[in-house]
Amino acid sequence: MTSQRLLNLYTTAFLLFMFTPLVLMIVSSFNDISPPSVSEWRGLTGKWYAFFWMDQEALRADPVLRALDRDRFVGCFGNSLKVAAAVVPLALAMGLAGAVFLTRWRSRANGILWWVLLSPMLAPGIVLGLSALVFWGRLGMNAGLFTIVMAQTTFIAGYPMLILMARLQRQPVELEEAALDLGASPFRVFRRITLPFLAPALASAAVIAFLASMENYNTTMFAKGGACTFATEIGAMARNANGHPPVINAVGTVIIVLTVLATVLHTLLQHREGRIGRTRPAAK
């Protein structure tokens with residue numbers, strides 16, 4: 001009984017430690033004060049959220065919002081979308097190749113290859129960013145969105161590889177062997193059997209790669225040159241000498257709300273599919 005109480009106490013403390021900062025951030029995003037605060041309340045406001053569609057006259061009237069460059073922030077967010085649009089397919093292709101190679105090719109070198117392919121995930125982001133900057137700089141490429149894409153892909157590809165490996169390890173190899181025995185080419189076997197089996201894992205890996213690209217800061221910071229992304233611009237705003245503007249809290253709140261809504265929708269869809277599968281009559 002005592003151990004159960006200690007476990008409950010630890011779980012409660014852990015949840016409070018994890019979610020209290022998020023709750024405080026959400027509450028402070030509606031407080032009409034800068035820097036954000038929950039201990040000093042100056043009134044309820046939504047202007048930190050309206051920052052992105054306010055007219056120029058309203059922006060100039062507020063001393064906090066007037067100091068922010070809305071066009072640059074929106075441009076940096078667009079850069080993040082461009083980077084993610086390139087990183088996601090590259091990471092999926094590299095992760096898929098690594099997963100198929102490690103699960104289908106049996107060799108004593110598999111253990112070494114496993115650590116070689118996973119090593120970028122374990123390396124510090126600063127090292128990856130600087131390495132990409134130096135490498136592509138020697139080849140004549142200026143630092144910018146291209147070097148960001150290359151730097152991010154080096155370690156983000158590891159996430160799809162792990163997800164796809166877990167899926168491939170559950171696939172019966174006998175299906176592929178039977179198709180090959182019946183005369184199908186390896187490419188046809190991959191396209192008609194392996195790829196459809198991997199479709200759910202590919203979708204999950206794409207979502208994780210997209211989120212990892214959007215939120216990446218360390219690697220991007222050292223590979224971006226004069227460019228900017230959503231994460232690096234948020235970091236620059238947070239280093240403001242007068243404290244970070246509450247717009248950051250508003251952006252964080254929107255991200256949390258979208259994440260929760262997506263999670264709830266995914267759970268409801270899974271529950272619905274499971275209920276339909278249970279009520280569907282068995283084939284005779």
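In this predicted model, the lining of the largest pocket divides into 21 nonpolar residues, two polar and one charged. The largest pocket holds about 720 Å³ of space. Its lining is made up of 24 residues.

**Largest pocket**

- Among the lining residues, those closest to the centre of the largest pocket are Phe77, Met214, Phe230, Val251 and Ile255.
- Helix 14 (247-279) gives the largest share of the lining of the largest pocket, with nine residues.
- At least two residues of this lining come from each of helix 2 (47-50), helix 5, helix 11, helix 13 (230-238) and helix 14.

**Cavity**

- One cavity of 30 Å³ or more is present in the structure.
- The volume of the largest cavity is about 30 Å³.
- The largest cavity is lined by Ser80, Val83, Gln152, Ser213, Met214, Asn216, Thr220, Thr229 and Ala231.
- Helix 5 (70-104) and helix 11 (186-215) are the elements that give two or more residues to this lining.
- Three residues of the cavity lining are nonpolar and six are polar, with no charged residue.

**Pocket and cavity together**

- Met214 lines the largest cavity, and Met214 is also among the residues closest to the centre of the largest pocket.
- Helix 5 and helix 11 each supply at least two residues of the pocket lining, and both helices give two or more residues to the lining of the largest cavity.

Technical notes: Residues numbered from 1 in each chain as written. Predicted model: local features only at pLDDT ≥ 70, side-chain atom pairs only at ≥ 80, totals over all residues. Heavy atoms only, no water. 1 Å grid on protein atoms, 1.4 Å probe; cavity = no way out; pocket = protein on both sides within 12 Å on 5 of 7 lines; lining within 4 Å. Points joined across faces, edges and corners; volume = space filled by probe spheres on them. Helix = DSSP H or I, 4+ residues; strand = E, 2+ residues; numbered from the N terminus. Nonpolar A, V, L, I, M, F, W, Y, C, P; charged D, E, K, R; others polar.
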